[in-house]
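Work through these exercises with the model open in your viewer. Try each task before reading its solution.

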Amino acid sequence: MDFAINPNHQLIVEGVDLVCSGFDDTYWSQCDQNHTFPWDFYRAMAEGGWVGICIPEQYGGGGQGITEGALVLNRVAASGAAMNGSTALHLTLFGLNPVVRFGNERLKEAFLPRAAKGDLHVAFGVTEPDAGTDTSRISTRGTKTSTGDWVISGRKIWTSKALESEVCLLLVRTGGHPGSFDGLTLFLVDLDKRYCDIAPISKAGRNAVASCEVFYDELPVEAWRMVGEQGQGFRHILHGLNPERILLAAMACGIGEAALRRAVAYAKEREVFGRPIGANQAISHPLAKAHMELEAAWTMAMRAAWTYDQQTNDQQNLGNKRTTKGDDSIGQLANTAKYLAAEASYFAADQAMQTHGGLGYAVEYHVERYWREARIQRLAPISQEMTLNYIATKGLGLPRSY
Ligand SMILES: Cc1cc2nc3c(=O)[nH]c(=O)nc-3n(C[C@H](O)[C@H](O)[C@H](O)COP(=O)(O)OP(=O)(O)OC[C@H]3O[C@@H](n4cnc5c(N)ncnc54)[C@H](O)[C@@H]3O)c2cc1C
(Lines give C-alpha, C1' and ligand atoms only; values in the text may rest on other atoms or scores of the structure.)
Protein backbone atom coordinates (compact mmCIF):
# COMPACT_ATOMS: atom_id res chain seq x y z
CA MET A 1 0.00 0.00 0.00
CA ASP A 2 1.28 3.43 -0.89
CA PHE A 3 -0.93 6.45 -0.22
CA ALA A 4 1.75 9.03 -1.03
CA ILE A 5 0.90 11.56 -3.74
CA ASN A 6 2.20 10.28 -7.07
CA PRO A 7 3.95 13.12 -9.00
CA ASN A 8 2.53 11.85 -12.33
CA HIS A 9 -0.98 11.94 -10.89
CA GLN A 10 -0.40 15.41 -9.51
CA LEU A 11 0.53 16.59 -13.03
CA ILE A 12 -2.63 15.05 -14.46
CA VAL A 13 -4.78 16.78 -11.84
CA GLU A 14 -3.12 20.16 -12.45
CA GLY A 15 -3.25 19.79 -16.25
CA VAL A 16 -6.94 18.88 -16.36
CA ASP A 17 -7.85 21.53 -13.78
CA LEU A 18 -6.14 24.09 -16.03
CA VAL A 19 -8.15 23.12 -19.15
CA CYS A 20 -11.38 23.02 -17.14
CA SER A 21 -10.77 26.48 -15.68
CA GLY A 22 -11.62 27.86 -19.14
CA PHE A 23 -15.17 26.46 -18.90
CA ASP A 24 -17.17 27.79 -15.98
CA ASP A 25 -20.55 26.88 -14.53
CA THR A 26 -22.30 29.36 -16.82
CA TYR A 27 -20.87 27.54 -19.87
CA TRP A 28 -22.15 24.20 -18.55
CA SER A 29 -25.51 25.62 -17.61
CA GLN A 30 -25.96 26.99 -21.12
CA CYS A 31 -24.93 23.69 -22.76
CA ASP A 32 -27.46 21.96 -20.54
CA GLN A 33 -30.29 24.42 -21.16
CA ASN A 34 -29.68 24.60 -24.93
CA HIS A 35 -29.07 20.84 -25.27
CA THR A 36 -25.80 21.53 -27.11
CA PHE A 37 -22.82 19.19 -27.08
CA PRO A 38 -19.80 20.93 -25.45
CA TRP A 39 -17.61 20.96 -28.58
CA ASP A 40 -15.22 23.73 -27.40
CA PHE A 41 -14.52 21.87 -24.20
CA TYR A 42 -14.13 18.55 -26.01
CA ARG A 43 -11.60 20.02 -28.46
CA ALA A 44 -9.61 21.63 -25.64
CA MET A 45 -9.41 18.28 -23.85
CA ALA A 46 -8.45 16.46 -27.07
CA GLU A 47 -5.71 19.02 -27.81
CA GLY A 48 -4.34 18.51 -24.33
CA GLY A 49 -4.07 14.75 -25.04
CA TRP A 50 -6.50 13.91 -22.24
CA VAL A 51 -9.10 12.14 -24.39
CA GLY A 52 -6.60 9.48 -25.55
CA ILE A 53 -4.87 9.03 -22.21
CA CYS A 54 -5.90 5.36 -21.76
CA ILE A 55 -5.20 4.23 -25.35
CA PRO A 56 -1.93 2.28 -25.71
CA GLU A 57 1.12 4.31 -26.81
CA GLN A 58 1.67 2.16 -29.89
CA TYR A 59 -1.65 3.53 -31.24
CA GLY A 60 -0.82 7.13 -30.40
CA GLY A 61 -2.42 7.30 -26.95
CA GLY A 62 -1.02 8.12 -23.53
CA GLY A 63 -0.65 4.46 -22.49
CA GLN A 64 -2.02 5.17 -19.02
CA GLY A 65 -4.36 3.02 -16.97
CA ILE A 66 -7.85 3.39 -15.57
CA THR A 67 -6.40 5.06 -12.47
CA GLU A 68 -5.21 7.98 -14.59
CA GLY A 69 -8.46 7.97 -16.62
CA ALA A 70 -10.39 8.18 -13.35
CA LEU A 71 -8.32 11.16 -12.24
CA VAL A 72 -9.07 12.99 -15.51
CA LEU A 73 -12.83 12.44 -15.28
CA ASN A 74 -12.92 13.23 -11.57
CA ARG A 75 -11.32 16.63 -12.19
CA VAL A 76 -13.64 17.34 -15.12
CA ALA A 77 -16.74 16.57 -13.02
CA ALA A 78 -15.38 18.47 -10.00
CA SER A 79 -14.85 21.60 -12.12
CA GLY A 80 -18.64 21.97 -12.28
CA ALA A 81 -18.83 20.28 -15.70
CA ALA A 82 -20.39 17.31 -13.86
CA MET A 83 -21.87 14.65 -16.18
CA ASN A 84 -22.30 17.06 -19.10
CA GLY A 85 -18.50 17.38 -19.30
CA SER A 86 -17.31 13.97 -18.18
CA THR A 87 -19.67 11.91 -20.35
CA ALA A 88 -18.73 13.98 -23.40
CA LEU A 89 -15.36 12.17 -23.12
CA HIS A 90 -15.69 9.02 -21.11
CA LEU A 91 -16.67 6.62 -23.89
CA THR A 92 -13.59 7.48 -25.93
CA LEU A 93 -11.48 7.29 -22.80
CA PHE A 94 -12.47 3.77 -21.75
CA GLY A 95 -15.10 2.52 -24.19
CA LEU A 96 -12.67 0.97 -26.64
CA ASN A 97 -11.06 -1.15 -23.94
CA PRO A 98 -12.63 -4.38 -25.34
CA VAL A 99 -11.08 -3.47 -28.73
CA VAL A 100 -7.69 -2.94 -27.08
CA ARG A 101 -7.99 -6.27 -25.25
CA PHE A 102 -9.67 -8.49 -27.84
CA GLY A 103 -9.81 -6.65 -31.17
CA ASN A 104 -7.97 -7.81 -34.28
CA GLU A 105 -5.00 -5.77 -35.49
CA ARG A 106 -6.93 -4.22 -38.39
CA LEU A 107 -9.60 -2.93 -36.00
CA LYS A 108 -6.99 -1.48 -33.67
CA GLU A 109 -5.04 0.20 -36.48
CA ALA A 110 -8.19 1.65 -38.04
CA PHE A 111 -9.78 3.13 -34.93
CA LEU A 112 -7.46 3.48 -31.95
CA PRO A 113 -5.15 6.19 -33.40
CA ARG A 114 -8.19 8.32 -34.31
CA ALA A 115 -9.72 7.80 -30.88
CA ALA A 116 -6.40 8.75 -29.28
CA LYS A 117 -6.45 12.09 -31.13
CA GLY A 118 -10.05 12.69 -30.13
CA ASP A 119 -11.22 12.47 -33.77
CA LEU A 120 -13.40 9.42 -33.24
CA HIS A 121 -16.55 9.54 -31.16
CA VAL A 122 -17.74 6.19 -29.84
CA ALA A 123 -21.11 5.09 -28.47
CA PHE A 124 -21.95 1.94 -26.49
CA GLY A 125 -25.10 0.02 -27.39
CA VAL A 126 -26.16 -2.68 -24.94
CA THR A 127 -29.48 -1.70 -23.33
CA GLU A 128 -32.70 -2.68 -25.08
CA PRO A 129 -36.27 -1.71 -24.18
CA ASP A 130 -37.55 -5.28 -23.78
CA ALA A 131 -34.48 -6.74 -22.03
CA GLY A 132 -33.65 -3.98 -19.51
CA THR A 133 -31.01 -5.01 -17.01
CA ASP A 134 -31.23 -8.63 -18.15
CA THR A 135 -28.69 -8.40 -20.97
CA SER A 136 -29.04 -12.12 -21.68
CA ARG A 137 -32.48 -11.27 -23.19
CA ILE A 138 -31.33 -8.79 -25.83
CA SER A 139 -32.83 -9.52 -29.22
CA THR A 140 -30.96 -7.26 -31.65
CA ARG A 141 -29.78 -9.84 -34.12
CA GLY A 142 -26.64 -10.31 -36.19
CA THR A 143 -27.06 -12.65 -39.16
CA LYS A 144 -24.12 -14.00 -41.14
CA THR A 145 -24.34 -13.50 -44.90
CA SER A 146 -23.12 -15.86 -47.62
CA THR A 147 -19.92 -13.75 -47.93
CA GLY A 148 -19.07 -14.18 -44.23
CA ASP A 149 -20.05 -10.62 -43.36
CA TRP A 150 -22.99 -9.67 -41.09
CA VAL A 151 -26.30 -7.84 -41.17
CA ILE A 152 -27.70 -6.37 -37.94
CA SER A 153 -31.31 -5.49 -37.15
CA GLY A 154 -32.96 -4.49 -33.88
CA ARG A 155 -33.56 -1.72 -31.42
CA LYS A 156 -31.40 -0.24 -28.66
CA ILE A 157 -32.37 2.36 -26.10
CA TRP A 158 -30.35 4.94 -24.15
CA THR A 159 -27.34 4.82 -26.47
CA SER A 160 -25.47 7.90 -25.21
CA LYS A 161 -23.70 10.14 -27.74
CA ALA A 162 -25.25 8.24 -30.68
CA LEU A 163 -25.89 11.59 -32.40
CA GLU A 164 -22.22 12.61 -32.35
CA SER A 165 -20.65 9.17 -32.75
CA GLU A 166 -19.32 7.66 -35.92
CA VAL A 167 -19.09 4.15 -34.46
CA CYS A 168 -20.85 2.14 -31.79
CA LEU A 169 -19.63 -0.82 -29.78
CA LEU A 170 -22.72 -2.94 -30.24
CA LEU A 171 -23.73 -6.16 -28.46
CA VAL A 172 -26.00 -8.40 -30.53
CA ARG A 173 -27.27 -11.96 -30.54
CA THR A 174 -25.68 -14.17 -33.19
CA GLY A 175 -26.62 -17.53 -31.69
CA GLY A 176 -27.68 -19.29 -28.51
CA HIS A 177 -31.07 -18.77 -26.91
CA PRO A 178 -32.76 -15.87 -25.05
CA GLY A 179 -31.66 -15.95 -21.41
CA SER A 180 -28.16 -17.15 -22.23
CA PHE A 181 -24.98 -15.05 -22.39
CA ASP A 182 -23.53 -17.51 -24.89
CA GLY A 183 -24.23 -16.44 -28.42
CA LEU A 184 -23.83 -12.71 -27.78
CA THR A 185 -21.28 -11.07 -30.04
CA LEU A 186 -19.63 -7.65 -29.98
CA PHE A 187 -19.11 -5.53 -33.10
CA LEU A 188 -17.70 -2.06 -33.67
CA VAL A 189 -20.29 -0.85 -36.19
CA ASP A 190 -20.67 2.36 -38.17
CA LEU A 191 -23.72 4.36 -37.12
CA ASP A 192 -24.57 4.69 -40.81
CA LYS A 193 -27.68 6.91 -41.09
CA ARG A 194 -28.85 4.94 -44.16
CA TYR A 195 -29.50 1.95 -41.88
CA CYS A 196 -29.73 3.55 -38.40
CA ASP A 197 -32.57 5.73 -37.21
CA ILE A 198 -31.41 7.76 -34.18
CA ALA A 199 -33.85 9.63 -31.93
CA PRO A 200 -32.81 11.48 -28.74
CA ILE A 201 -34.76 10.73 -25.57
CA SER A 202 -36.06 13.75 -23.69
CA LYS A 203 -34.63 13.38 -20.17
CA ALA A 204 -34.28 15.08 -16.76
CA GLY A 205 -30.63 16.07 -16.89
CA ARG A 206 -27.21 15.84 -18.55
CA ASN A 207 -28.83 17.51 -21.50
CA ALA A 208 -25.59 18.49 -23.27
CA VAL A 209 -25.07 14.80 -24.06
CA ALA A 210 -28.08 13.14 -25.62
CA SER A 211 -29.00 9.51 -25.08
CA CYS A 212 -30.91 7.95 -27.93
CA GLU A 213 -33.13 5.24 -29.21
CA VAL A 214 -31.41 3.61 -32.18
CA PHE A 215 -33.21 1.41 -34.71
CA TYR A 216 -30.90 -0.80 -36.79
CA ASP A 217 -32.47 -1.82 -40.07
CA GLU A 218 -30.32 -4.42 -41.84
CA LEU A 219 -27.07 -2.60 -41.10
CA PRO A 220 -24.27 -4.26 -43.10
CA VAL A 221 -21.15 -5.02 -41.01
CA GLU A 222 -17.95 -6.47 -42.45
CA ALA A 223 -16.54 -9.54 -40.70
CA TRP A 224 -13.36 -7.78 -39.49
CA ARG A 225 -15.52 -5.42 -37.40
CA MET A 226 -16.25 -8.24 -34.94
CA VAL A 227 -14.51 -7.58 -31.61
CA GLY A 228 -12.96 -10.76 -30.25
CA GLU A 229 -14.66 -14.11 -30.65
CA GLN A 230 -18.14 -14.85 -31.94
CA GLY A 231 -20.44 -15.74 -29.04
CA GLN A 232 -18.07 -14.29 -26.40
CA GLY A 233 -19.28 -10.69 -26.62
CA PHE A 234 -20.69 -10.47 -23.11
CA ARG A 235 -17.41 -11.65 -21.60
CA HIS A 236 -15.56 -9.14 -23.75
CA ILE A 237 -17.72 -6.18 -22.71
CA LEU A 238 -17.00 -6.96 -19.07
CA HIS A 239 -13.60 -5.46 -19.86
CA GLY A 240 -15.44 -2.25 -20.64
CA LEU A 241 -18.06 -2.50 -17.87
CA ASN A 242 -15.75 -2.75 -14.86
CA PRO A 243 -13.62 0.23 -15.95
CA GLU A 244 -16.85 2.10 -16.73
CA ARG A 245 -18.06 1.57 -13.14
CA ILE A 246 -14.75 2.79 -11.78
CA LEU A 247 -14.80 5.88 -14.01
CA LEU A 248 -18.44 6.58 -13.12
CA ALA A 249 -17.50 6.38 -9.43
CA ALA A 250 -14.74 8.93 -10.04
CA MET A 251 -17.16 11.21 -11.89
CA ALA A 252 -19.76 10.89 -9.13
CA CYS A 253 -17.16 11.88 -6.52
CA GLY A 254 -16.33 14.91 -8.68
CA ILE A 255 -19.96 16.06 -8.82
CA GLY A 256 -20.22 15.64 -5.05
CA GLU A 257 -17.08 17.75 -4.62
CA ALA A 258 -18.49 20.53 -6.82
CA ALA A 259 -21.80 20.51 -4.94
CA LEU A 260 -20.10 20.52 -1.54
CA ARG A 261 -17.81 23.40 -2.58
CA ARG A 262 -20.82 25.57 -3.42
CA ALA A 263 -22.71 24.47 -0.30
CA VAL A 264 -19.83 25.31 2.03
CA ALA A 265 -19.28 28.72 0.40
CA TYR A 266 -22.99 29.54 0.69
CA ALA A 267 -23.23 28.27 4.29
CA LYS A 268 -20.42 30.67 5.27
CA GLU A 269 -21.83 33.71 3.53
CA ARG A 270 -25.61 33.43 3.92
CA GLU A 271 -26.85 35.00 7.16
CA VAL A 272 -30.29 34.26 8.65
CA PHE A 273 -31.31 35.12 12.24
CA GLY A 274 -28.17 37.25 12.44
CA ARG A 275 -25.55 34.52 11.89
CA PRO A 276 -24.16 32.41 9.05
CA ILE A 277 -26.38 29.40 8.39
CA GLY A 278 -23.23 27.20 8.54
CA ALA A 279 -23.10 27.84 12.30
CA ASN A 280 -26.23 25.68 12.64
CA GLN A 281 -25.33 22.03 13.05
CA ALA A 282 -28.41 21.07 11.05
CA ILE A 283 -26.50 22.60 8.13
CA SER A 284 -22.87 21.82 9.02
CA HIS A 285 -23.23 18.17 10.11
CA PRO A 286 -24.77 16.87 6.87
CA LEU A 287 -22.06 18.73 4.93
CA ALA A 288 -19.36 17.15 7.11
CA LYS A 289 -21.01 13.75 6.58
CA ALA A 290 -21.09 14.35 2.81
CA HIS A 291 -17.38 15.21 2.90
CA MET A 292 -16.50 12.00 4.77
CA GLU A 293 -18.64 9.83 2.51
CA LEU A 294 -17.09 11.34 -0.61
CA GLU A 295 -13.59 10.72 0.80
CA ALA A 296 -14.47 7.09 1.53
CA ALA A 297 -16.00 6.56 -1.92
CA TRP A 298 -12.98 8.14 -3.60
CA THR A 299 -10.60 5.86 -1.69
CA MET A 300 -12.66 2.85 -2.84
CA ALA A 301 -12.67 4.09 -6.44
CA MET A 302 -8.88 4.47 -6.38
CA ARG A 303 -8.47 1.01 -4.87
CA ALA A 304 -10.66 -0.49 -7.61
CA ALA A 305 -8.73 1.43 -10.31
CA TRP A 306 -5.37 0.39 -8.91
CA THR A 307 -6.45 -3.25 -8.72
CA TYR A 308 -7.79 -3.19 -12.28
CA ASP A 309 -4.52 -1.78 -13.59
CA GLN A 310 -2.44 -4.30 -11.62
CA GLN A 311 -4.53 -7.19 -12.94
CA THR A 312 -4.26 -5.87 -16.49
CA ASN A 313 -0.48 -5.69 -16.21
CA ASP A 314 -0.30 -9.17 -14.68
CA GLN A 315 -2.53 -10.61 -17.43
CA GLN A 316 -0.46 -8.97 -20.14
CA ASN A 317 2.66 -10.46 -18.59
CA LEU A 318 0.94 -13.85 -18.65
CA GLY A 319 0.02 -13.45 -22.32
CA ASN A 320 -3.58 -12.33 -21.66
CA LYS A 321 -4.63 -15.54 -19.91
CA ARG A 322 -7.52 -14.64 -17.65
CA THR A 323 -7.57 -15.61 -13.99
CA THR A 324 -11.10 -16.28 -12.77
CA LYS A 325 -10.22 -15.15 -9.26
CA GLY A 326 -8.97 -11.84 -10.57
CA ASP A 327 -12.06 -11.18 -12.68
CA ASP A 328 -14.42 -11.76 -9.73
CA SER A 329 -12.51 -9.54 -7.33
CA ILE A 330 -12.36 -6.58 -9.71
CA GLY A 331 -16.10 -6.90 -10.34
CA GLN A 332 -16.75 -6.59 -6.61
CA LEU A 333 -14.41 -3.64 -6.16
CA ALA A 334 -15.77 -1.78 -9.20
CA ASN A 335 -19.40 -2.34 -8.14
CA THR A 336 -18.67 -1.33 -4.55
CA ALA A 337 -16.95 1.88 -5.68
CA LYS A 338 -19.77 2.77 -8.03
CA TYR A 339 -22.46 2.10 -5.39
CA LEU A 340 -20.75 4.11 -2.64
CA ALA A 341 -19.87 6.99 -4.96
CA ALA A 342 -23.41 7.21 -6.36
CA GLU A 343 -24.85 7.41 -2.82
CA ALA A 344 -22.22 9.89 -1.59
CA SER A 345 -22.58 12.10 -4.66
CA TYR A 346 -26.37 12.25 -4.49
CA PHE A 347 -26.32 12.92 -0.73
CA ALA A 348 -23.82 15.77 -1.22
CA ALA A 349 -25.84 17.29 -4.08
CA ASP A 350 -29.09 16.98 -2.13
CA GLN A 351 -27.56 18.63 0.93
CA ALA A 352 -26.11 21.37 -1.29
CA MET A 353 -29.63 22.09 -2.51
CA GLN A 354 -30.97 22.06 1.06
CA THR A 355 -28.23 24.40 2.22
CA HIS A 356 -29.20 26.91 -0.48
CA GLY A 357 -32.82 26.91 0.65
CA GLY A 358 -35.19 28.10 -2.07
CA LEU A 359 -32.30 29.33 -4.18
CA GLY A 360 -31.08 25.73 -4.44
CA TYR A 361 -33.94 25.21 -6.85
CA ALA A 362 -32.91 28.19 -9.00
CA VAL A 363 -30.86 27.41 -12.11
CA GLU A 364 -28.56 30.35 -11.36
CA TYR A 365 -26.97 28.63 -8.35
CA HIS A 366 -26.08 25.46 -10.32
CA VAL A 367 -26.71 22.99 -7.49
CA GLU A 368 -30.00 21.86 -9.06
CA ARG A 369 -27.98 20.85 -12.15
CA TYR A 370 -25.52 18.88 -9.99
CA TRP A 371 -28.47 17.28 -8.20
CA ARG A 372 -30.10 16.17 -11.47
CA GLU A 373 -26.80 14.79 -12.74
CA ALA A 374 -25.81 13.08 -9.48
CA ARG A 375 -29.14 11.22 -9.59
CA ILE A 376 -28.26 9.38 -12.82
CA GLN A 377 -25.58 7.22 -11.20
CA ARG A 378 -28.15 5.55 -8.96
CA LEU A 379 -29.83 4.27 -12.15
CA ALA A 380 -27.04 3.82 -14.68
CA PRO A 381 -24.85 2.30 -16.00
CA ILE A 382 -26.13 -0.25 -13.50
CA SER A 383 -28.82 0.37 -10.91
CA GLN A 384 -27.99 0.37 -7.20
CA GLU A 385 -30.26 -2.67 -6.75
CA MET A 386 -28.32 -4.72 -9.28
CA THR A 387 -25.06 -3.66 -7.65
CA LEU A 388 -26.35 -4.94 -4.31
CA ASN A 389 -27.47 -8.16 -6.04
CA TYR A 390 -23.93 -8.60 -7.40
CA ILE A 391 -22.29 -8.13 -4.01
CA ALA A 392 -24.86 -10.34 -2.27
CA THR A 393 -24.27 -13.23 -4.64
CA LYS A 394 -20.60 -12.88 -5.65
CA GLY A 395 -19.26 -11.32 -2.47
CA LEU A 396 -21.38 -13.04 0.19
CA GLY A 397 -22.33 -16.22 -1.65
CA LEU A 398 -26.07 -15.68 -1.10
CA PRO A 399 -28.54 -17.38 -3.47
CA ARG A 400 -29.54 -15.53 -6.61
CA SER A 401 -32.98 -13.94 -6.74
CA TYR A 402 -32.99 -13.48 -10.50
C1 LIG B 1 -28.72 8.95 -18.84
C2 LIG B 1 -28.55 7.49 -19.20
C3 LIG B 1 -27.55 7.13 -20.08
C4 LIG B 1 -27.42 5.80 -20.47
N5 LIG B 1 -26.45 5.46 -21.41
C6 LIG B 1 -26.40 4.19 -21.89
C7 LIG B 1 -25.52 3.86 -22.97
O8 LIG B 1 -24.75 4.68 -23.46
N9 LIG B 1 -25.56 2.58 -23.47
C10 LIG B 1 -26.38 1.63 -22.96
O11 LIG B 1 -26.35 0.49 -23.45
N12 LIG B 1 -27.23 1.91 -21.92
C13 LIG B 1 -27.26 3.16 -21.39
N14 LIG B 1 -28.14 3.47 -20.35
C15 LIG B 1 -29.05 2.44 -19.85
C16 LIG B 1 -28.74 1.99 -18.43
O17 LIG B 1 -27.59 1.19 -18.43
C18 LIG B 1 -30.00 1.27 -17.93
O19 LIG B 1 -31.03 2.24 -17.80
C20 LIG B 1 -29.77 0.58 -16.62
O21 LIG B 1 -28.90 -0.50 -16.81
C22 LIG B 1 -31.09 0.06 -16.02
O23 LIG B 1 -31.81 -0.69 -16.96
P24 LIG B 1 -33.36 -0.37 -17.27
O25 LIG B 1 -33.47 1.10 -17.42
O26 LIG B 1 -33.80 -1.20 -18.40
O27 LIG B 1 -34.10 -0.79 -15.93
P28 LIG B 1 -34.92 -2.15 -15.66
O29 LIG B 1 -34.06 -3.34 -15.96
O30 LIG B 1 -36.24 -2.07 -16.33
O31 LIG B 1 -35.12 -2.07 -14.08
C32 LIG B 1 -36.09 -1.21 -13.49
C33 LIG B 1 -35.89 -1.20 -11.99
O34 LIG B 1 -36.09 -2.52 -11.47
C35 LIG B 1 -34.95 -2.91 -10.71
N36 LIG B 1 -34.73 -4.36 -10.87
C37 LIG B 1 -34.82 -5.08 -12.01
N38 LIG B 1 -34.51 -6.37 -11.76
C39 LIG B 1 -34.21 -6.46 -10.44
C40 LIG B 1 -33.79 -7.51 -9.58
N41 LIG B 1 -33.62 -8.77 -10.01
N42 LIG B 1 -33.54 -7.22 -8.29
C43 LIG B 1 -33.71 -5.96 -7.81
N44 LIG B 1 -34.09 -4.92 -8.58
C45 LIG B 1 -34.34 -5.18 -9.87
C46 LIG B 1 -33.81 -2.09 -11.26
O47 LIG B 1 -32.76 -1.95 -10.32
C48 LIG B 1 -34.49 -0.78 -11.57
O49 LIG B 1 -34.53 0.02 -10.41
C50 LIG B 1 -28.27 4.80 -19.93
C51 LIG B 1 -29.27 5.19 -19.02
C52 LIG B 1 -29.42 6.51 -18.65
C53 LIG B 1 -30.52 6.88 -17.69
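The exercises below go from the whole chain to single residues, and they use a predicted model.

**Exercise 1. Overall dimensions**

Compare the radius of gyration of the protein with that of a compact globule.

Solution.
- Start with the length: the protein has 402 residues.
- A compact globule with 402 residues would have a radius of gyration near 21 Å.
- The protein has 21 Å, which agrees.
- Now take the C-alpha trace: along the principal axes it spans about 80 × 45 × 45 Å.

**Exercise 2. Make-up, burial and contacts**

Count the helices and strands, then find what share of residues is buried.

Solution.
- The protein has eleven helices and ten strands.
- Of its 402 residues, 47% count as buried.
- Next, take the contacts with a separation of 6 or more: 74% of them join residues 24 or more positions apart.

**Exercise 3. The sides of helix H1**

Check the span of H1, then work out which residues are buried and which are exposed on the face turned away.

Solution.
- H1 covers residues 7-20, which is 14 residues.
- At 1.5 Å a residue, H1 should span 20 Å. Its end C-alpha atoms are 20 Å apart, which agrees.
- The buried residues of H1 are Ile-12, Val-16 and Cys-20.
- These residues cover an arc of only 60° around the axis, so they sit on the same side of H1.
- The face turned away from that buried side carries the exposed residues Pro-7, Gln-10, Leu-11, Glu-14 and Leu-18.
- Last, find the partner: the buried residues of H1 pack against H4.

**Exercise 4. Packing of H4 and H8**

Give the angle and axis distance for H4 and H8, then list the residues that meet.

Solution.
- Two numbers describe a pair of packed helices: the angle between the axes and the distance between them.
- H4 (residues 66-94) and H8 (residues 281-317) pack at an angle of about 145°. Their axes are 8 Å apart.
- From H4 come Ile-66, Thr-67 and Ala-70.
- They meet Ala-301, Met-302, Ala-305, Trp-306, Tyr-308 and Asp-309 in H8.
- By class, this contact has seven nonpolar, one polar and one charged residues.

**Exercise 5. The setting of Phe-94**

Is Phe-94 buried or exposed, and which residues does it touch?

Solution.
- Phe-94 lies in helix H4.
- Count the other C-beta atoms within 10 Å of Phe-94: there are 28. The cut-off for buried is 20 or more. Phe-94 is therefore buried.
- Leave out residues up to four places away in sequence. Phe-94 then touches Cys-54, Ile-66, Gly-69, Gly-240, Pro-243, Glu-244 and Leu-247.

Key: Residues are numbered from 1 along each chain as its sequence is written. This is a predicted model: local features need pLDDT of at least 70, side-chain atom pairs count only at pLDDT 80 or more; totals for chains, interfaces and linings use all residues. Helices (H or I, at least four residues) and strands (E, at least two) are DSSP runs, numbered from the N terminus. The radius of gyration is taken over C-alpha atoms; the globule rule is 2.2 Å times the number of residues to the power 0.38. A residue is buried if 20 or more other C-beta atoms lie within 10 Å of its own, exposed if 12 or fewer, and partly exposed in between; C-beta atoms are placed from the backbone. Two residues are in contact if their C-beta atoms, placed from the backbone, lie within 7 Å. Axes are lines fitted to C-alpha atoms, for helices over the stretch in contact, and angles run from 0 to 180 degrees between N-to-C directions. Ala, Val, Leu, Ile, Met, Phe, Trp, Tyr, Cys and Pro count as nonpolar, Asp, Glu, Lys and Arg as charged, and the others, Gly among them, as polar. The expected span of a helix is 1.5 Å times one less than its number of residues. The arc is that of the directions from the helix axis to the C-beta atoms.
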